[in-house]
Amino acid sequence: MYVVLVYDVSVERVAKVLQVGRKYLTWVQNSVLEGELTPAQFARLKAELKKVAEASDAIRFYVLPSKNAFRVEVLGTSKNEPSQII
């Protein structure tokens, strides 16, 4: 599955959320990560983020069947391109 992770968390937890997210996904823009995951990896990612996040934080996952079902158009500079191979 292809997962896009978007988060809006308190400044005190931004680094922690990014650190957890980068274990599984590629950072592509401030507060945005994406990449291919297995269902088990996705479950572990969510479990780790639940330990870091608080009720006031917002973490959103966009889950697609594959990268082929996902199209990105970028205006301006692309900070990082997902290149993970699973």
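Before you start: this is a predicted model, where local features need pLDDT of at least 70, side-chain atom pairs count only at pLDDT 80 or more, and totals for chains, interfaces and linings use all residues. Residues are numbered from 1 along each chain as its sequence is written, and side-chain values use heavy atoms, with hydrogens and water left out.

**Exercise 1.** Work out whether Val-4 is buried or exposed.

Step 1: Recall the cut-offs: buried is under 20% relative accessible area, exposed over 50%, partly exposed in between, using a 1.4 Å probe and protein chains only.
Step 2: Val-4 has 8% relative accessibility, so it's buried.

**Exercise 2.** Find the strands that pair with β1.

Step 1: Pairing takes at least two bridges found by DSSP.
Step 2: β1 and β3 (residues 32–36) run antiparallel with five bridges; Tyr-2 stands opposite Glu-36 there.
Step 3: β1 and β4 are antiparallel too, joined by seven bridges, and Leu-5 has Phe-61 as its bridge partner in β4.

**Exercise 3.** Track down the polar contacts of the Asp-57 side chain.

Step 1: Look in the loop between α2 (39–52) and β4 (58–64); helices are H or I runs of at least four residues.
Step 2: A polar contact pairs N or O atoms within 3.5 Å; within protein, one must be able to donate a hydrogen and the other to accept it, and residues adjacent in sequence count only if both atoms are side-chain atoms.
Step 3: The Arg-13 side chain makes one at 2.7 Å, and the backbone nitrogen of Ser-10 sits 3.1 Å from a polar side-chain atom of Asp-57.

Terms used: Helices (H or I, at least four residues) and strands (E, at least two) are DSSP runs, numbered from the N terminus.
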